[in-house]
Every structure is written in structure tokens, then in C-alpha cells.
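Subject: The two-chain model for you to look through

Hi there,

Here is the structure I promised to hand over. Have a look at it first, and then read on for what I found.

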Amino acid sequence: MTDVTDVTDVTDVLAPPAPGHDVELPQTHLPAGTGGGHLDEPHGHGHEDHGPTGILKWLTSTDHKVIGLSYMITSIVLFYFAGIMALFIRLQLTTPHSSLLTFGQYNELFTMHGSLMLYLFAGPFAFGGLANYVVPLQIGAPDMAFPRLNALSYWLYLTGSITMLLGFLVAGGAASFGWVAYAPLSSAASSPGIGGDVWIMALVLTGFSAIFTGVNLVATIFYLRAPGMTMFRMPIFTWNMLVTGILILIAFPVLTGALVMLFCDRHFGTHIFTVTGCHLVNGAPYSGCGSPLLWQNLFWFFGHPEVYILALPFFGIVTEVLPVFSRKPVFGYKGMVFATMAIAALSTGVWAHHMFTTGAVLLPFFSFLSLLIAVPTGIKFFNWIGTMWGGQLVFTTPMLFCIGFLLAFLMGGVTGIMLASPPIDFATHDTYFVVAHFHQVLVGTAVFAGFAGFYYWYPKMFGRMLNDTLGKWHFWLLFVGFWLTFMPQYIVGLKGMPRRVASYPTDLGWQIYNELSTIGAFIIAVSFAIMLWNLWQSWRKPIPAGNNPWDAHTLEWFTTSPPPHHNYTHLPPIRSERPTWDYNHPDALAVPHGVVAEAAAHARKKEPVA
Amino acid sequence: MTSPSAESADPSPLDGAPRRRSRWLAAAAVVGGALLLAGCKVPNFGEYPGATTQGRTENHLWQLFFIAGLVVGGFVFLLILWAIFRYRRKSEEMPRQTQYHTLLEVVYTVVPIIIVLVLFVFTVLAENNVDATPARPAATITVNAFQWGWEFEYPGAPGSGCANPSSPTANQNRCVKVIGQTTQDPTMVIPTGSEVQINLRSLDVLHGFYVPEFNFSRYASPGYTTSFDFNALHTGDFRGQCTQLCGLYHSLMFFNVKVVTRGQFTVWLHTEQAAVEANPSHNPKLPSGVNGGAANTNSPSNNQGGDLSGD
């Protein structure tokens, strides 16, 4: 009934630990049996043994854990910046004709808010930060496949991020054409000034950073898995990062290429995306004209896979956290993997649903593929619910954030189906209905699921716990603030309020919804102030975490917290996608695949709860 | 090798869910079908009912999607809530380590596909209606969007050389042109009960032509002209606004739509055509003595009954 053999057979896959002083590791304070691998001597040794320390370590390290942390810290700082911009945006909209910001400043702020959140936070936090840190650990690898390329990725990302922020300092201000930079508004004629160029350069830099990380992730997952870690024993988070890496390789080169073309339009006299300078008759193209529509096609051919580059890692986090706090394996593991692949495949064929109102795309094709994405996404929902079903749920901070994700993403998903239907999109396109939709999706994934991952892996990264009470305050304030911010936006969007406006007519009844939204945004801000306080507390008064504080399933919880330089001195046998769990709970293995009849018979019996 | 507590862990959610789900699907289909037959009796769920036939069609589709979303989303929501409250950790007992249930997995794959197919069919039906542009519209209007305003062009008098302002050969001096000014938003006059074709284009950057109460928007793009039809159901005044970011004063790019009866429209257009023939720099005025339903007026800068400036 099980293929797990002798669980005491601890396999050495790495060379014996190098000589050196052992670092005193905080040991688990949880009941026996819930700890990580109870190795006789955890020969953990920090990276101190392997190179410089202090600031020089952070500047020169090629260790995936150091780079992962650098990524995470940088992206969270940028997240706070972008959040503060959002507060200014909300303050401006609280009254119809606010004089807080000028129209120009407002346009700069929402452009940079979107750019920071999407390009510099959500993606890099997931595939640069968490994935960098967690993926090699989850597959039992000592590091990423190309450690120096990994370091280059980070430094390109940091340089690009600083470049983006420098936009605020140049003459004429930062880019103000929206995060999508639609041509020809982004042309030199309509958006003169260095701000736009700085924005383009920043994205070229971070685009290369993402591409290198994509290469690294794919190579690492294909080539550096530990013995026994077959593809179908990889944790879902690693699976999702593999698919994300492939999507990055499909999408980001298109963006980078389009940005180079846009730069040529702005400076070298080409008119790839503009019709200025070409011969027009009554506004219709006559000869030698570029195509503004081409920008939209190229941008969204990047942009829609990008949406899933931003979503899949976070689906992966949720799929790690829910099983651990339900004490069950992932329900429908293989279905989940295929659903992820289906989402990735479909995501390359739906870009024009952002362009329904151009009147220049084949509506039924893009509508059908967009609606179809609901199917694999729905499968994931049922997998998540199936994982919780019949479990023993414990509502720690990461678990609460995951449930917050489920509810937010459910609402964002349902409204997404509506928007996949062209006639409904005609009625709501570029209104606050769409703003509410994509914020529910993106805050659901990048913030709820993202910080679920942060709270979940923090003990592994720093060997200390975050305060669960403060974590719960963070969650509940975020949860209330989130719904209060975005639900009124659906309503005001249906009433016709367009996005990206700095003022609105007074007599349309829009103000009350905007006021509610602003209150919600400030509640979210308070919740994130609490998170800072929590981090400060954990730094000042450490609560030791031990190797495996959550009684988790996957390999990374087998090693010490934080892991030693090359991650593992020993590995448990890997006979399922839950090696650490199997090691700690040899009597609670997953019901093997194929025992369906027995499971169904069990379900039919409808026995009363004991 | 299952845990001893396995038998008690799960009181059979597995075979109950699919049946419930398909029953709900059937209900959704019936409700949706009924909706399309007698849509007006169903609430609009926050959306405008639609002041054109196209907008009304969209509204019915919206009602269908809203109800379907409510049913499916509500079902999933209740499942999540049930899981959260029913399976709180009450003991250290090891739950049954169930990982697969093929039948259930097939059901929750196939049922969403069916739902999506149904939604897609209704989408295509509505879309064909909304997007249809009959060959012989009762009126043709060319809309030029620019930073940061709108120009509405109507054909000139017969024989003036401006039968269609979008045509490259049109004699632009003889077309009837309505344009706004900084203190006045421009007003587009259209007749009720007939197909009006709009040819939309932009003179500079991308703009969004959006009339909320028509449940419709379309990009105005430089480089190509896009066409669509309105068939207004009743007279009235409606506000419109640019929805696509177009630079500094995007927030102020308003316009109005005034729907009058066919007779009033014909009289108005003939009057203006004659005036343009007499004086090419004539400023068109709104149809006189027409009150198109002031209740719908909601823009503060709306120029009800006032003069329109033209060029």
C-alpha cells in the first residue's frame, strides 16, 4: 500500500560538512515528532565560514539565500513606497476637485504606483525573492544553477529600481503615461522629458534581470534536483516556479524588445508606434505610418503572461501553506500541476482581451480563451478547498493570509469572467470596475498570498518566529481595509467613473464611494505599519523557531533555520512530495494514487464523526 | 497505511458536491434563459439599464453573468466557509491523508467547461448584436477625439461635397461640425429609434469614447477609423467622458449626448446644413425647443439648451 521503505535510511548526498566551528542553532520547542529531521549532529555552519561577513557579504555573495533575501528586502521597501503613493492617490480622490496634487503630479503618481507594484514588487518579490530562497531548498540543491548570473540578476534589478525612482528627480518629472505606456502618448511628442526615458531604461534593466532569473530557475529545477526528487515529487511551489520561469522566457523578451523600439521612436526618428510624421489624409493612414496598435499587441503579449507570472508563484505559496495547516497532502496534486500548465499555455493566447474596445481584434477567439482560463483556475480552487476538507485546520498567520487570498481571488476571478465577455468589457473598460477587479486579483495574490509566504518562510530564513498576535492584527486590518477599499470601486465604476482621473464631477454621487475607498486604504496602511512593528520586535526579541515550527511537509524544513551555506548536510529519503512529513510521520502517508475505489467507498459510507 | 482516525475524518463531502453543483448549474441556465426573455424584470445589479438597443443587450448579458457569478461564486464561497468552520482543529487526531478522488476531479473539470461554453454562446449572441453595423444607417456621425476634447461631424447639405465627413474626398468646409470649448462641453445630437453609425478616430493620442448610460466604450485611435452603431431607445441627455489616459487634462474630457426624436433631428440637421452653406464658419446650435429629459443631466458643465460653439 505504500512505496515508502526504510525511513531511517538517511541519504548523504553532499560531501561531509567542512571543518569549522558549529553555530549554536536554536532548537525546536515543539512537541517531539514535529521537529525537522532529528539528526544527531546538525552540522550547520553559516555562510560566515565561506566568505566575507557584514556588508561585504551582502555586496559580493552568490549564495541564493543571501540574494533571495536582498531581493525580498528591496522589493518590500519598494512595496511600501508604492503603497505611500497609493495613499496620495486616494487622498486626492476623496473630494471631487482636490487641490492636493496637480493633474501632472497625479499622473506621475499612478504611473509609478503601477510600475513599482507590478514590475518591481510583485514579480521580483516572488521569483527573485521567495523562489530564489526556497526553490533550491525544496529540491535539495546546494544553490541555484548559475550563482553568479543570479547575483547579476539582483544587481540589475536594484539598478533598474533605483533608475525608476530617479524619474522623480529629473526635469519634467517621472513618467506619466501609465504603467502600460500606450503609444502614442508615450512618444517624444506627447511625453517629452527624460522621465519617460528613465522609465524605459529601468524596465530594460529589470527585464534582463527577470530573464536571467527565469533561465536560472528553469535550469536549477531541471538539473539540480536531489536524488529521489522526481518531477512529480516536487512541491507545487517549485512546479509553479518552473512554469513561471518558462513564462518569463516567453514574455519578458517581448517587453524588452518593445521598449527598445519605443526608445528608438522617442530618440532615433523611427515611427514604429506613431503616426506623426507620416502622411495622413483626414486622420487616416496614407503612407509610411507606424501603428499605435502594435504597441498594445506587443505590450499585452508580454502583459498577459506577466499577469500569470505574478499569479502562479503566489498560487504556489498557497498550495504550500494550506496543506501544512490542514495536516493533509495537497488534494489533486497532479491535477494541480496540469492546471498550472494549462493556465500558462492559455495565458499566451489571451492578450487581446485588454484590447476588446480597440475595435480591431477578433473578439470571439480572445473571449473564448479568456473564459477558458476559468477552468484550470477553478480546478485550483477545488484543489485548495479539497485540501482543507476533512483536515485539522489551525489558523496561524500564514493560514489566515491564505484564506484572505482565497476570498479575494474568488471575487477577482468572478469579475474577471465578466470582463472576459466583450460586451461587458465595452461597458466597464477603463472604469473603476476594472480597477477594482485587477486590484482584487493582484492584492489577493501578491499581497495576501505573498505575505502568507513571507510569514510562512520567515522562521526558515531567520531562525526566529514572527509574533502571531501581531500577525493576526495585520491580517484582520488588511482584510477589512481591502474589502472596504475595493468593493465601492466596483459600484462607482458601474456608475461610469473612469480610471486615471484626478478629479470628477461633484453631482454624480461618486464621492461617498471614493471616501469609503480612502478609509479602506488607510486601514491597509495601518496593517502594514503593524507588520513593520512585528519585524522590529522579532529583531529585538527573537523567538527561536527551530527547524520545523509548522510541522511542514517539504524538504526545506528538514534543514536548520537558517540553512547552512550549502543548505543540507543530510537529506531524508524522498519518496513523495512530502519528504519531511514522511520522515516525521511514517504512519500518516498520503493515500497512494490509485486507491480511488477504496477512497470512494469510504466516502460513501458516510460514517458519523467520531 | 492510513492513520487510525481515517474513517472518522470525512462525512462524505465528496459525492455530495458534484450533484449539488450540477443542480445549481441547471438552475443558472434556466434563470439565464428566462433572463434573456424577460430581462427588464430582473435587477440591473448596479449597471445602467442601457439607453440604446445595444446597451440593453449588454445589460441583459450582464444580468446573466452577474447571476451566474453569484451562483458559482456563492457556491465556492460557501464551500470555503464550510471548510474553515467545520474543519477547525479540535484534536491532535491525524486526518485521513486523502490525495486524489478521480470522479470528483473529473466533475470539477467538466462542469466549469460546460458553464464556460454556455457563457460563451450568450456572449457571442450579444456581441454580434452590439457590434452590428447595418449598411444603411439613418445618420452617420464622425467623431474626432483630440487632446482634450471632441468634435462631432455631420454630413453637409446634399450636393455640398460632404456626404460623409470621414471620406478622404469630403469637402470639410461644408460639413456640419460641433466642437466644445474650454467652458462648454460639446454635445452630440442623435435621433431616437434609428441606427446611427459613429465613425470614431483620434487626431493625436489614444482616447476612450465612453457613454456610461449606453453601456458602451470604444478606443479612438490614431491611424484607423473604427465604426459602431447606436440605436437610442428614448430621448434624453446623457453624459460621456474619455476613459483612456490621454495626458494632462484627461480628467476633464467630457461630452454630452442629446437624443431627440427623428423629426427633431432631421429639422435640426437641415437647419444647420443650410446655415453652414450660407456661412462656413457657422456655430451649430442645439435643437430649439427640445427638452430631452433634463433628469438625466448630470454634468456640471453641461450646456443644456445653450449655444454650441463650432469652427
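Before the interface, one term: a polar contact is a pair of N or O atoms within 3.5 Å, and within protein one of them must be able to donate a hydrogen and the other to accept it. Please keep in mind that this is a predicted model.

**Where the chains meet**

With that term in hand, we can look between chain A and chain B, where 23 residue pairs are in polar contact, both partners at pLDDT 80 or more. By class, the side of chain A that touches chain B is made of 67 nonpolar, 30 polar and 16 charged residues. In terms of contacts, 113 residues of chain A meet 102 residues of chain B. The two chains bury about 9500 Å² between them, and carbon and sulfur atoms give 66% of that area.

How many salt bridges cross the interface of chain A and chain B? The rule finds 1. Its partners are B:Glu92 and A:Arg327, with 3.8 Å from N to O.

As a reminder, side chains of opposite charge can pair when their charged atoms come close. A:Arg327 also forms a salt bridge with A:Asp551, at 3.2 Å from N to O. That pair links distant parts of the chain: A:Asp551 sits in the loop between α15 and α16 of chain A, A:Arg327 in the loop between α7 (292-326) and α8 (333-347), and 224 residues separate them. Both residues are buried. For A:Asp551 the relative accessible area is 8%. Taken together, A:Arg327, A:Asp551 and B:Glu92 are linked in a network of salt bridges.

Over all chains, the structure holds 10 salt bridges.

- A:Asp197 pairs with A:Arg266, and their closest N and O atoms are 2.8 Å apart. A:Asp197 is in helix α5 (residues 194-223) and A:Arg266 in helix α6, 69 residues apart. A:Asp197 and A:Arg266 are both buried.
- A:Asp430 pairs with A:Arg499, at 3.5 Å from N to O. A:Asp430 lies in the loop between α12 (422-428) and α13 (432-462), and A:Arg499 in the loop between α14 (468-494) and α15, 69 residues apart. A:Asp430 and A:Arg499 are both buried as well.

**Chain A as a whole**

Chain A has 17 helices and 2 strands. Of its 610 residues, 65% are buried. Among the contacts in chain A with a separation of 6 or more, 81% join residues 24 or more positions apart.

The domain assignment gives domain 1 (1-57 + 546-610) and domain 2 (61-277 + 286-310) of chain A. Between these domains, 21 residues of domain 1 are in contact with 23 residues of domain 2. They bury about 1500 Å², of which carbon and sulfur atoms give 63%. A:Glu556, A:Asn567 and A:Ile574 supply 30% of the area that domain 1 buries against domain 2, more than any other three residues.

What does the rule find across this domain interface in salt bridges? It finds 0 salt bridges, while 10 residue pairs are in polar contact, both at pLDDT 80 or more. The side of domain 1 that touches domain 2 divides into 9 nonpolar, 7 polar and 5 charged residues.

Is A:Thr274 buried or exposed? Its relative accessibility is 6%, so A:Thr274 counts as buried, the cut-off being under 20%. You will find A:Thr274 in the loop between α6 (236-267) and β1 (279-281) of chain A. Not counting residues up to four places away in sequence, A:Thr274 touches A:Pro184, A:Ser187, A:Asp265, A:Cys289, A:Gly290 and A:Ser291. By contrast, A:Thr274 and A:Phe121 are 31 Å apart in space, C-alpha to C-alpha, and 153 residues apart in sequence.

The side chain of B:His282 makes a polar contact with the side chain of B:Glu272 at 2.6 Å. Leaving out residues up to four places away in sequence, B:His282 touches B:Glu272, B:Ala275 and B:Val276.

Conventions:
Residues are numbered from 1 along each chain as its sequence is written. Chains are lettered from A and ligands numbered from 1 in the order in which they are written. This is a predicted model: local features need pLDDT of at least 70, side-chain atom pairs count only at pLDDT 80 or more; totals for chains, interfaces and linings use all residues. Side-chain values use heavy atoms; hydrogens and water are left out. Contact means heavy atoms within 4.5 Å. Buried area is the accessible area (1.4 Å probe) that two parts lose on being put together, summed over both. A salt bridge is a side-chain nitrogen of Lys or Arg within 4 Å of a carboxyl oxygen of Asp or Glu. Ala, Val, Leu, Ile, Met, Phe, Trp, Tyr, Cys and Pro count as nonpolar, Asp, Glu, Lys and Arg as charged, and the others, Gly among them, as polar. Helices (H or I, at least four residues) and strands (E, at least two) are DSSP runs, numbered from the N terminus. Buried means under 20% relative accessible area, exposed over 50%, partly exposed in between (1.4 Å probe, protein chains only). Domain bounds come from an automatic or database domain assignment.
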